[in-house]
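Please look over the chain and its fold before reading on.

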Amino acid sequence: MYLNMEKIKVVILSDNIDYRLKLREYICSDDMIISGYVGYDENAILKTRGLSPDVLLITYEKNNESTFEICSNIYCIFQM
């Protein structure tokens with residue numbers, strides 16, 4: 001890792017606690033840090049924007065119909 005390089009900030013978008021824990025195991029390193037977890041709720045877009053991630057990991061859960069709508073809205077916000 002370069003001395004002056006900041007860690008890559010990762011946000012996990014998931015309601016599933018098992019997914020969150022498993023992803024945390026894989027991500028922990030000298031180069032990356034989990035800066036937050038966001039659930040699929042009415043504040044998901046605002047929370048994600050507030051955390052300003054470099055990487056957003058999204059878990060797809062079949063029982064959650066709003067997954068693609070939330071992802072589309074987050075994508076639009078970060079394009080600005």
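In which sense do strand β1 and β3 pair, and over how many bridges? Strand β1, residues 8-13, pairs with β3 in the parallel sense, over four bridges.

## Basis of the model

This is a predicted model, in which local features need pLDDT of at least 70 and side-chain atom pairs count only at pLDDT 80 or more, while totals for chains, interfaces and linings use all residues. Residues are numbered from 1 along each chain as its sequence is written, and side-chain values use heavy atoms, with hydrogens and water left out.

## Overall make-up

The protein has three helices and three strands, and along the sequence they follow the pattern β-α-β-α-β-α. Helices (H or I, at least four residues) and strands (E, at least two) are DSSP runs, numbered from the N terminus. The C-alpha atoms fill a box of roughly 40 × 30 × 15 Å along the principal axes.

Of the 80 residues, 28% are buried; buried means under 20% relative accessible area, exposed over 50%, and partly exposed in between, with a 1.4 Å probe and protein chains only. The accessible surface comes to about 5,900 Å², and carbon and sulfur atoms hold 54% of that surface; accessible areas come from the Shrake-Rupley method with a 1.4 Å probe, and for residues only the protein chains shown count as cover. Among contacts (heavy atoms within 4.5 Å) with a separation of 6 or more, 68% join residues 24 or more positions apart.

The three strands form an open sheet in the order β2-β1-β3, with parallel pairing. Two strands pair if DSSP finds at least two bridges between them. Strands β2 (32-38) and β3 (55-58) are at the edges with a single partner strand each, so one side of each has no neighbour in the sheet. From one strand to the next, the twist averages 25°.

In the pairing of β1 with β3, Leu 13 stands opposite Ile 58 of β3. Helix α2 (residues 44-51) packs on the sheet and touches β1, β2 and β3; its direction makes about 160° with that of β2. Axes are lines fitted to C-alpha atoms, for helices over the stretch in contact, and angles run from 0 to 180 degrees between N-to-C directions.

## Nonpolar core

The largest nonpolar core has seven residues: Val 11, Leu 13, Val 38, Tyr 40, Ala 44, Ile 70 and Ile 74. Such a core is a set of buried Ala, Val, Leu, Ile, Met, Phe, Trp, Tyr and Cys residues joined through side-chain atoms within 4.5 Å. Both β1 and α3 (67-79) supply at least two residues of this core. Leaving out residues up to four places away in sequence, Ile 70 touches Leu 13, Tyr 40, Asp 41, Ala 44 and Ile 45.

## Cysteines

The structure holds zero disulfides, a disulfide being a pair of cysteine sulfur atoms within 2.5 Å. The sulfur of Cys 76 lies 11 Å from the closest cysteine sulfur, that of Cys 71, which is too far for a bond. Cys 76 counts as partly exposed because its relative accessibility is 44%.

## Two loop residues

Asp 41 is in the loop between β2 and α2 and is partly exposed, with a relative accessible area of 28%. Apart from neighbours within four places in sequence, Asp 41 contacts Lys 47 and Ile 70. Asp 41 and Asp 30 are eleven residues apart in sequence and 31 Å apart in space, C-alpha to C-alpha.

Ser 52 is in the loop between α2 and β3. The phi of Ser 52 is near 45°, a positive value in a residue other than glycine. With 36% relative accessibility, Ser 52 counts as partly exposed.
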